[in-house]
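Q: Could you walk me through this model, with the cut-offs spelled out as we go?

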Amino acid sequence: MHNNGREWASQDQQSQQSQQAWQVQHQAQSPAPGRHGDATAPAHGDAPAQAPASTIKINNRALHKYDRMPAGKQTAIWQADPGADGNRLAYVHVPHDAPKRGRTARPPFTVTGPNGELLCSVQPAGGGVYDVYGGDGAALGRITRSRGRLLPWPRRVRWTVQAGGAPVGQSLTGTVGTGKGWTAMVLLSPLYFVAWAIMAAQGLVLLLIGEKDEAKKEAAWELEPPSRTQWRAAGDPEVAIDYRIGGVYRLASPRLDQRLAYAQAVLHVWDRG
């Protein structure tokens, strides 16, 4: 346990050093930071092809099955605003032969507009770090996933959106799950395990009598960890991205760069399933 604590602390330090080095490297390529450290400011390069949507939705199951997707079919980013629910805003393209390396090394992917125009590409840089580029190849920003840990003190999974050239302290940060949500989960987990044991026994009986489909339904129920995530700049009460449940993201700031928001939403919802 203590070795894991030291290992995670070392990884955190390496991630911070890597992010600072990347910030220095790309600082000259990006405009001056805005209110949200330019994670919410329009970046240079090609602009998104469609008007900004305030709410988007992504199907996380499709992302996990990218290697089994039929030819020509891609995961869609939907508009979930009232009156526009169901409009396709963009598509996520993941190579079918891309290896699955876990939560801290998602494969590279691209996001295209409804007419096929390239909005952005996302490249893993290792250790939960992803670099985001515009359709013209210009650096838009960096997204980092910092893993949760128990030692030396508990910490939840944390996502950081860093626009190119913006100071590290002005990035958007979102912590997965609220403190109340995790507390409730810990307190209710004993009841869950009792319920799970009962349902597992029922599923076994159904399997023995040949009701395979019903047995799968009994075994499918599982305890979902808290997933509420809100991204905001340090010291700023305004929420830039708000995730509640079901793959729905509210893009609360009108200055939010849609391409960075799409990339972060894809990585985050990929992490949930």
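A: What follows goes through the sheet, its hairpins, a loop residue and the core.

A: This is a predicted model, in which local features need pLDDT of at least 70 and side-chain atom pairs count only at pLDDT 80 or more, while totals for chains, interfaces and linings use all residues. Residues are numbered from 1 along each chain as its sequence is written, and side-chain values use heavy atoms, with hydrogens and water left out.

Q: OK, what do the strands form?
A: A closed barrel of 12 strands, running from β1 through to β12 with antiparallel pairing. Strands (E, at least two residues) and helices (H or I, at least four) are DSSP runs numbered from the N terminus, and two strands pair if DSSP finds at least two bridges between them. On average, neighbouring strands of this sheet are turned by 20° against each other, direction ignored, with axes being lines fitted to C-alpha atoms and angles running from 0 to 180 degrees between N-to-C directions.

Q: How many bridges join β1 and β12?
A: Strand β1 (residues 55-58) pairs with strand β12 (residues 248-251) over 3 bridges, in the antiparallel sense, and Ile56 has Tyr249 in β12 as its bridge partner.

Q: And what about the hairpins, which residues have positive phi?
A: In the hairpin of β4 and β5, with 5 residues between the strands, Gly116 in the turn has a positive phi of about 90°. In the hairpin of β5 and β6, with 2 residues between the strands, Gly127 takes a positive phi near 65°.

Q: Who faces whom there?
A: β4 (residues 109-112) and β5 (residues 118-126) pair over 4 bridges, with Val111 opposite Cys120, whereas β5 and β6 (residues 129-134) pair over 6 bridges, and Val122 has Val132 as its partner in β6.

Q: Switching topic: is Asp236 buried or exposed?
A: Asp236, in the loop between β10 (229-233) and β11 (241-243), counts as buried because its relative accessibility is 10%, where buried means under 20%, exposed over 50% and partly exposed in between (1.4 Å probe, protein chains only). The side chain of Asp236 reaches the backbone nitrogen of Glu238 at 3.0 Å.

Q: Last one, which residues have the most contacts inside the largest nonpolar core?
A: Ile77, Phe109 and Tyr249, in a core of 42 residues, a nonpolar core being a set of buried Ala, Val, Leu, Ile, Met, Phe, Trp, Tyr and Cys residues joined through side-chain atoms within 4.5 Å. Helix α5 (residues 258-272) gives the largest share of this core, 9 residues.

Key. A polar contact is a pair of N or O atoms within 3.5 Å; within protein, one must be able to donate a hydrogen and the other to accept it, and residues adjacent in sequence count only if both atoms are side-chain atoms.
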